[in-house]
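Let's take a walk through this structure, one piece of packing at a time. Keep the viewer open as you read.

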Amino acid sequence: MPRLIKNGAIVEDHSPEVLDLEQWLQMEDRATRAVVLEPGETLAPLLEHIAELPLVLVNFPTFMDGRGFSYGRELRERGYKGELRAVGHFMRDQLTYLARCGFDAFQFEDEAELDDAVASLADFSEYYQASIDQPKPLFRRRA
Amino acid sequence: MYLYDEYDQKIVDERVAQYRGQTERFLDGTLSEEQFLPLRLQNGLYVQRLAPMLRVAVPYGLLSSQQLRKVAQLSRDFDKGYVHISTRQNIQFNWPELAQVPDILAELASVQMHAIQTSGNCIRNTTTDQYAGVATDELEDPRPWCEIIRQWSTLHPEFAFLPRKFKIAVCGSEEDRAAIHSHDIGIELVHNEAGHTGFRVLVGGGLGRTPVIGVEICDFLEATQLLTYLEAILRVYNQHGRRDNKYKARIKILVRAMGIDAFRDAVEQEWVSLKDGPSTLTEAEIQRAKSFFIEPQYIPFDASSAATALQDQCDADPIFGNWVKRNTVAHRVAGYRIVNISLKATGYAPGDVTDKQLELIAELADEYSMGEVRTTHQQNMVLADVEQSHLYQLWQALQKASLATANIGYLTDMICCPGGDYCSLANAKSIPVAEAIQSRFDDMDYVYDLGPLELNISGCMNACGHHHIGHIGILGVDKKGQEFYQVSLGGHQGKDASIGKILGPSFKQEDMPAIVDTLLTTFVELRQEEENFLDTYRRVGIDPFKERVYAKAD
């Protein structure tokens, strides 16, 4: 059973079948199906089903492609509450950024990295900006 | 100036610790070169031709004397005893050891400095007018807004892996000294009819391979919406900017491809969900940012007697008088002057400054200018708050350290990137070209007679030397492995910014001083009354210059 990081812990992956956007759009019951987004695809059709979607995966074809960060924030800002999972070629050094953009699950290509990656989630404990995990920017929280 | 509290310090300290771990992983082979590359770049570390180069952030060009002393010490302890002031107001170390960079960063953090996002495909250091807060033509001090942008852009989770680098400049004065038309986003402080402060926002400016003058996306943005609007622009860029070709990845290409109206619509649409959200600035935060830039305790002087006293000193010592005329600028407050420290003495690489010079400048800042120093995008430094009665002593001290070359804004005060002597991106050397031109035009009377003249040199298309916006621009190009130089004319920074036009086929390095000579001779023959080079060029066009230069070459 493949493993991944979810809500800060290493767990076994019990996710349902994952469809690409094209397949997903053809499903009658798509509101309750898992879908993977690729950079450049539009979020619009997902937004209609935002309350029911159980799992959205965002693929990072390379760690330099930052479009997935915006997907994360936009989905969460529009009210998505289900699992948001990063897949593909992101790096552990990007985990705090991803978490702040609303990702709560991380599936690495190489599972050997998982322990170190969990530690990376704690690289930063304070931030300036508003984000999904801390909706108030620092300037609204400064003592 | 802005002072860190425990939050700011914690963020910078945690970044140092993270980078230390990343460096260790690279050195032990856990991180590949490819993976380490963006991580080190986001911390300002390039691997250059001969050694790594570390670019340290100087937020909007402002430094305390304590910070300057730390830079001097680090340049001695970890480098060869000198640093370089970049065209984006940052400070570059040329020879640090990669393994020692975490220690350098820790030292910098101890004086509230860092190298965060000084490189890489992310939001870079925000730059501004080197005369901010003291200029006579200022509407409002841009620095509080720069600091607000600095905090927002630092380690922004969504915008750390953009299609390409992203530069923001802010200006608050009549004359644009921050080159806001040449930035990805240019912000101009304005007042609306009701007298409220807001921003005119430009987008899509930039130099590089495809130079573009920024266009207006918003004529008046409410001050409190600054960050929500920036987020909207960045989000559209992050999602839609090209990632398939690094030369077409800057926002200017996207704006041009979409057209400004469609781009504005996309931003406005994105802004709907961000406007008035948590990132909307509070009045308390704006006041907090402003509280770090309140007016210092100026001594009240009588304007006319201060002017008379200075004039007497200038008359008594004409060399001093000349320096006052060329290198100092009127201050908002009577009895004070803004002093430019020229880092363009002939025989020194433009913008380079030694540890000893830095320490002297720090000392002079403490003694004469409220303990603060600024860096300029023209690669000089500024002491912004000098009492006129102290100018003479200050000048004497600067002169002894080769820091009083009276050439600010003239031909020999050229902007010049480090070029092929250091930079691995460069096609050609730029420092020797600058030096050859400085040496040829050593008759300062001639140089002054030419009037204000901006000559900018870049060693490659990346345009760090801002050659596109020089009245005379020189660009190093590679022709079958040989270094050549292409000349452009008529570039300009400022509110009537323009991109220089290419003169024609490029020249050999050794011919460059003679080519510049021909251009200047042509200008002197054609000029009317008090025209400067740009005025004459704009009146007569490029043809007369072209004819002369290439006729001679044939």
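How many residues does the contact take from chain A, and how many from chain B? The contact takes 29 residues from chain A and 28 residues from chain B. Bear in mind as you look around that this is a predicted model. On the side of chain A that touches chain B, the elements giving two or more residues are helix H3 (67–77) and helix H4 (95–100) of chain A. H3(A) gives the most, with five residues. By class, that side of chain A splits into 13 nonpolar, five polar and eleven charged residues.

Now hop over to chain B and find helix H3 (residues 65–78) and helix H12 (residues 355–368). Their axes come within 9 Å and cross at roughly 165°. Since angles over 145 degrees count as roughly antiparallel, that crossing makes H3(B) roughly antiparallel to H12(B). The crossing of H3(B) and H12(B) is left-handed. On the H3(B) side, the contact is made by B:Ser65, B:Leu68, B:Arg69, B:Val71, B:Ala72, B:Ser75 and B:Arg76. H12(B) answers with B:Asp355, B:Leu358, B:Glu359, B:Ile361, B:Ala362, B:Ala365 and B:Asp366. Sort the residues of this contact by class and you get seven nonpolar, two polar and five charged.

H3(B) has another partner to check out: helix H4 (residues 101–109) of chain B. The axes of H3(B) and H4(B) come within 10 Å and cross at roughly 160°, which makes H3(B) roughly antiparallel to H4(B). Here the crossing is right-handed. From H3(B), B:Lys70, B:Leu74 and B:Phe78 meet B:Ile104, B:Glu107 and B:Leu108 in H4(B). The class count for the contact of H3(B) with H4(B) is four nonpolar, no polar and two charged residues.

Let's go back to B:Ile361, one of the H12(B) residues that contact H3(B). Leaving out residues up to four places away in sequence, B:Ile361 touches B:Leu68, B:Ile341, B:Val373 and B:Met381. B:Leu68 is also among the H3(B) residues in the contact with H12(B).

In soluble globular proteins, nonpolar side chains tend to be buried together. The largest nonpolar core here holds 188 residues, of which A:Val56, A:Leu98, A:Phe106, B:Ile233 and B:Ile361 touch the most other members. The largest share of this core, nine residues, comes from helix H6 (residues 226–240) of chain B.

Key: Residues are numbered from 1 along each chain as its sequence is written. Chains are lettered from A and ligands numbered from 1 in the order in which they are written. This is a predicted model: local features need pLDDT of at least 70, side-chain atom pairs count only at pLDDT 80 or more; totals for chains, interfaces and linings use all residues. Axes are lines fitted to C-alpha atoms, for helices over the stretch in contact, and angles run from 0 to 180 degrees between N-to-C directions. Helices (H or I, at least four residues) and strands (E, at least two) are DSSP runs, numbered from the N terminus. Angles under 35 degrees count as roughly parallel, over 145 as roughly antiparallel, 65 to 115 as roughly perpendicular and the rest as oblique. A crossing is left-handed if the near helix is turned anticlockwise from the far one by less than a right angle, and right-handed if clockwise. Two residues are in contact if their C-beta atoms, placed from the backbone, lie within 7 Å. Ala, Val, Leu, Ile, Met, Phe, Trp, Tyr, Cys and Pro count as nonpolar, Asp, Glu, Lys and Arg as charged, and the others, Gly among them, as polar. A nonpolar core is a set of buried Ala, Val, Leu, Ile, Met, Phe, Trp, Tyr and Cys residues joined through C-beta atoms within 7 Å. A residue is buried if 20 or more other C-beta atoms lie within 10 Å of its own, exposed if 12 or fewer, and partly exposed in between; C-beta atoms are placed from the backbone.
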